[in-house]
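Student: I am new to this structure. Can we go through it by question and answer?

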Amino acid sequence: MSGGNSLKFLQERQARGLYGFLVMVCIWQTFFLGICGIWHGDQIRHVLTQRELAASSYLLEQDVLPTVVAAAWNHTEVTEAGSVLLAQIGHTEQGQGFLLQLMGQTSGPFLLTLLTGGILSAAVLLLGAGFFLQKRELAYEEAERIVTGYAEERFTEHLPMGETGAVYRLYNKVEQLALSLQAKSETERRAREFLRDMISDISHQLKTPLAALTMYMEIMAQEADREETVRRFTEKSMRSLERMEQLILSLLKMARLDTGNIVFEKRQCYAQELVSQAVMELSERAAREGKTILQEGSPEEMVCCDPAWTKEALGNLVKNALDHTSTGGAIQIVWQRSPALMRLSVKDDGCGILPEDIHHIFKRFYRSRQADDRQGVGLGLSLAKRIVEEQGGSLSVESRLGEGSVFRISFPLSG
């Protein structure tokens, strides 16, 4: 194992703290033992000095010449006579009476001091390690609680981040997994809500035309011999079926937009061609209802958009205009360039929009009090706004009650 790998545990702050604490305790213990050794040496020197003083004093009291006493303490040779004398009084390597006395005078306090220092060092080490382990255990319990919350889809709390070390690298990986789990959980929740709302919307919106169809069938069955009645209610049935078809198609398109499955393929296309294709299928209806669709703008103007989906949005605006325009009325579609935008406007001279409705008309399934049974299902304007805004454009409206309305689609020239 290389030196770098062997010290990787020091990357964690808590491990560095514990390791530094142990180093400080070891330094303190070494210093303490050195002080004790110095003190013990001083005690031995003190005892030996006292013995020399005592022996010298005794010899001088016995009228031994000072020069002889001094020579005795400085003498280093061992003679047989000296050895015999010391043996007679018990001062030998076997007897060690004097050394035992010396040890008794110095070793007891020294050993007591060492024992006290060892106990204190052990206590400090145990308390420090216990504090560290307890703190780490609490941190792991907190992490366990947070991770358990992740498993139960609670993401209000997060693991501690911003530190170094193996534990925090593990926390970082767990946080990444938690973010993925949160995103997946949120996607599933939105999908469930979307499916629930879609089913509720479909069932609610189909209820009225289905009830009307049932009633029309019952009337035609009861008055099958009356040709005029059958013809009239057949026309009503066809309108209800058309409304149901329009509702289902609009809901499917809205569902594709809501789930993000649409990829808009924007490109430059001629505005005149775009408008002509958008109103092509509505011209027959306009003629049947005695209404006029007019187009105005330069044939050379280009607009950057997804042609297929933008035609859908334009068509919905024209349908809305036809729904709110009386016989003999006109719908005018104008395209023009400004310094920064390309605008496509749909203007009608119909009934206009009530002031209290104008802020709600783009809401899904919203229908004003002016709506009658021949008008749409309340999805066209909402769908048109979503299509335009998903391409980076905007859809706005101006209206005067009794004078008509103008819907404006604006796309940036940069595309």
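Student: How many helices and strands does the chain have?
Tutor: This is a predicted model. Its chain is made up of 415 residues. The count for the chain is 11 helices and seven strands.

Student: What share of the residues count as buried?
Tutor: A residue is called buried when its relative accessible area is under 20%. Of the 415 residues in the chain, the share that counts as buried is 31%.

Student: Is R285 buried or exposed?
Tutor: The cut-off for buried is under 20% relative accessible area. R285 has a relative accessible area of 18%. Because 18% is under 20%, R285 is buried.

Student: Which residue forms a salt bridge with R285 at 2.5 Å, counted between the closest N and O atoms?
Tutor: Side chains of opposite charge can pair when their charged atoms come close. R285 forms a salt bridge with E289, with the closest N and O atoms 2.9 Å apart. At 2.5 Å, the partner of R285 is D323.

Student: How many residues apart are D323 and R285?
Tutor: D323 is in helix 10, residues 307-323. R285 is in helix 9, residues 283-288. The pair links distant parts of the chain, and the separation is 38 residues.

Student: Which residues are linked with R285 in a network of salt bridges?
Tutor: E289, at 22% relative accessibility, counts as partly exposed. K291, buried at 11%, forms a salt bridge with E289, the closest N and O atoms being 2.8 Å apart. The residues linked with R285 in the network are E289, K291 and D323.

How values were computed
Residues numbered from 1 in each chain as written. Predicted model: local features only at pLDDT ≥ 70, side-chain atom pairs only at ≥ 80, totals over all residues. Heavy atoms only, no water. Helix = DSSP H or I, 4+ residues; strand = E, 2+ residues; numbered from the N terminus. Buried < 20%, exposed > 50% of the residue type's maximum accessible area, 1.4 Å probe, protein only. Salt bridge = Lys/Arg side-chain N within 4 Å of Asp/Glu carboxyl O.
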